[in-house]
Amino acid sequence: MVNFNLDGYVEHCLNRMAVEIGARPAGSRANRAAASFIAGEMKQAGCQVIWQEYPCPDWRATACELTVAGQKIVAVANTYSPPCDIEAELVSVSTAEDLANTDLTNKIAVVHGEITGSSFLPKNFDRNYYVVESQDRFMELLVSSNPMAVITVSHYDSPYPVLVEDSDFTIPSATVSKPTGLMVVQNTGATARLKIDSATEKGAGANIIGRHIGNGGPKILVCAHYDTKPDTPGALDNASGMAALLLLARLLGRPANGRSMEYVAYGGEDSWWPGDALYIEEYPPDNVAAVVNIDGVGLKEAKTAVAFFACPEGLADRVMDMAKSRGEFVAEQWYASDHGFFWPRGIPTLAFTTTGCMDLVGKVAHTENDTPDLLDNRRIEQTAQLVRDIILMLDASLNTSISKSNK
Ligand SMILES: [Zn+2]
């Protein structure tokens with residue numbers, strides 16, 4: 001697009017999403033406001049814009065109080081937890097065997113140990129590509145042993161991210177940090193009180209799709225998610241990637257050579273809500289030459305990581321070579337984001353994040369600390385510029401290596 005000045009554009013996007021709108025979990029009004037902003041920006045970039053909507057509960061918690069043996073401790077309501085005010089005895093469980101041998105009726109279960117090393121997958125999550133069978137089995141037994149409430153103990157020093165985010169899990173529940181959890185486990189047998197004020201309304205989620213429809217050749221798909229966990233402004237995760245995507249759309253404008261571009265803003269990646277799966281279902285990626293996903297870029301004093309999946313030989317080297325002139329990029333594999341829906345189908349896929357991104361979860365990502373002052377906007381611009389370079393390069397080779405490897 002001519003006359004587009006990139007100065008301040010990334011800041012404008014970050015400010016709108018991570019400051020003015022803030023936490024924008026799937027189904028919430030804030031999520032809808034972010035979607036409107038993104039749709040407007042895509043339109044400004046000359047795209048045809050499609051809202052792909054799906055029902056999704058709008059849940060929020062206004063208070064979570066946990067008292068153990070008379071002492072108030074910090075706990076965060078698990079996403080979609082129903083409200084409760086329960087006083088009962090604490091019973092700690094950490095394995096399926098524990099559950100088989102313990103009666104949890106009228107008790108508060110404290111779930112800790114290896115089993116809480118990662119979040120429990122919600123029931124409605126598509127298990128084709130990722131599944132933790134031991135956790136699924138544990139969850140099933142936990143539900144059937146019928147506790148009044150559940151406290152999940154994190155492996156992090158913060159209760160964020162919470163360990164259960166499942167609208168089908170109807171037992172009131174909350175997450176505590178690792179050190180707090182230790183204290184709760186030590187109080188097994190004592191009485192605890194859990195009070196959660198929460199409300200669930202009907203809501204909707206949406207993927208926002210921006211298109212430049214070209215001459216029918218294979219398209220290039222660039223995606224980023226715009227939703228967040230509850231209670232986090234989500235600057236790094238992922239206003240940053242969304243800003244890079246929107247900047248890229250402006251930088252590229254309508255492709256003069258007839259190439260088709262598809263920009264996808266996912267509305268439910270962090271909410272585990274199956275927005276990605278619905279996108280794939282409605283728009284199967286049959287004629288996609290390459291996918292680029294951007295999730296969590298631009299952290300100050302950190303390098304940007306590029307991961308390559310199902311790419312033709314030599315592509316990674318060429319990209320890393322191009323990256324040298326754009327900023328500090330390193331090649332690093334990383335799986336946990338929207339790109340996981342594409343490369344298993346054999347589509348060449350690149351994913352951008354911050355080096356060591358999984359170590360940032362619970363410290364920056366998914367916490368209230370994830371604010372725009374942690375970001376170096378220049379790094380976000382560099383990512384958009386590098387992705388533009390890559391797309392122009394792919395354009396040049398679309399009739400050769402990429403299209404051949406796709407047949
Ligand atoms: Zn993310």
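A crossing of two helices is called right-handed if the near helix is turned clockwise from the far one by less than a right angle, and left-handed if it is turned anticlockwise. Keep that in mind for the exercises below, which all use a predicted model.

**Exercise 1. Find how many residues helix H2 has, and check its length against its end-to-end distance.**

Solution. Step one: helix H2 covers residues 29-44, which is 16 residues. Step two: the expected span is 1.5 Å times one less than the number of residues, so H2 should span 22 Å. Step three: the end C-alpha atoms of H2 are 23 Å apart, which agrees. Just past the end of H2, glycine 46 has a positive phi of about 90 degrees.

**Exercise 2. Work out which residues of H2 are buried, and what covers them.**

Solution. Step one: a residue is buried if 20 or more other C-beta atoms lie within 10 Å of its own. In H2 the buried residues are Ala30, Asn31, Arg32, Ala34, Ala35, Phe37, Ile38, Glu41 and Met42. Step two: a helix has a repeating pattern to look for. An α-helix has 3.6 residues a turn, so residues three or four places apart point the same way. Step three: look at the cover, which includes helices H1 (9-21) and H6 (235-252), together with strands E1 (48-55), E10 (204-212) and E12 (260-266).

**Exercise 3. Describe how H1 packs against H2, and then against H6.**

Solution. Two numbers are needed. Two packed helices are described by the angle between their axes and the distance between the axes.

- Step one: the axes of H1 and H2 come within 11 Å and cross at roughly 165 degrees. Angles over 145 degrees count as roughly antiparallel, and H1 and H2 are therefore roughly antiparallel to each other.
- Step two: H1 passes H2 in a right-handed crossing. At the meeting place, Arg16, Met17 and Ile21 of H1 face Ala30, Ala33, Ala34 and Phe37 of H2 in contact.
- Step three: H1 and H6 have axes 9 Å apart and pack at an angle of about 135 degrees. That makes H1 oblique to H6.
- Step four: the crossing of H1 with H6 is right-handed. Met17 of H1 takes part in this contact, and among its other members are Tyr9 and Leu14 in H1 and Ala239 and Leu246 in H6.

**Exercise 4. Trace the strands that pair with E10, and say whether E10 is mostly covered or open.**

Solution. Step one: E1 pairs with E10 in the antiparallel sense over eight bridges. Glutamine 52 has asparagine 207 in E10 as its bridge partner. Step three: count the cover. Seven of the nine residues of E10 are buried, and E10 is mostly covered.

**Exercise 5. Decide whether lysine 303 is buried, partly exposed or exposed, and list its contacts.**

Solution. Step one: lysine 303 sits in the loop between strands E13 (288-294) and E14 (304-309). Step two: lysine 303 has 15 C-beta neighbours inside 10 Å, so it counts as partly exposed. Step three: setting aside neighbours within four places in sequence, lysine 303 is in contact with Glu328, Phe329, Val330 and Thr355.

Note on methods. Residues are numbered from 1 along each chain as its sequence is written. This is a predicted model: local features need pLDDT of at least 70, side-chain atom pairs count only at pLDDT 80 or more; totals for chains, interfaces and linings use all residues. Helices (H or I, at least four residues) and strands (E, at least two) are DSSP runs, numbered from the N terminus. A residue is buried if 20 or more other C-beta atoms lie within 10 Å of its own, exposed if 12 or fewer, and partly exposed in between; C-beta atoms are placed from the backbone. Two residues are in contact if their C-beta atoms, placed from the backbone, lie within 7 Å. Axes are lines fitted to C-alpha atoms, for helices over the stretch in contact, and angles run from 0 to 180 degrees between N-to-C directions. Angles under 35 degrees count as roughly parallel, over 145 as roughly antiparallel, 65 to 115 as roughly perpendicular and the rest as oblique. Two strands pair if DSSP finds at least two bridges between them.
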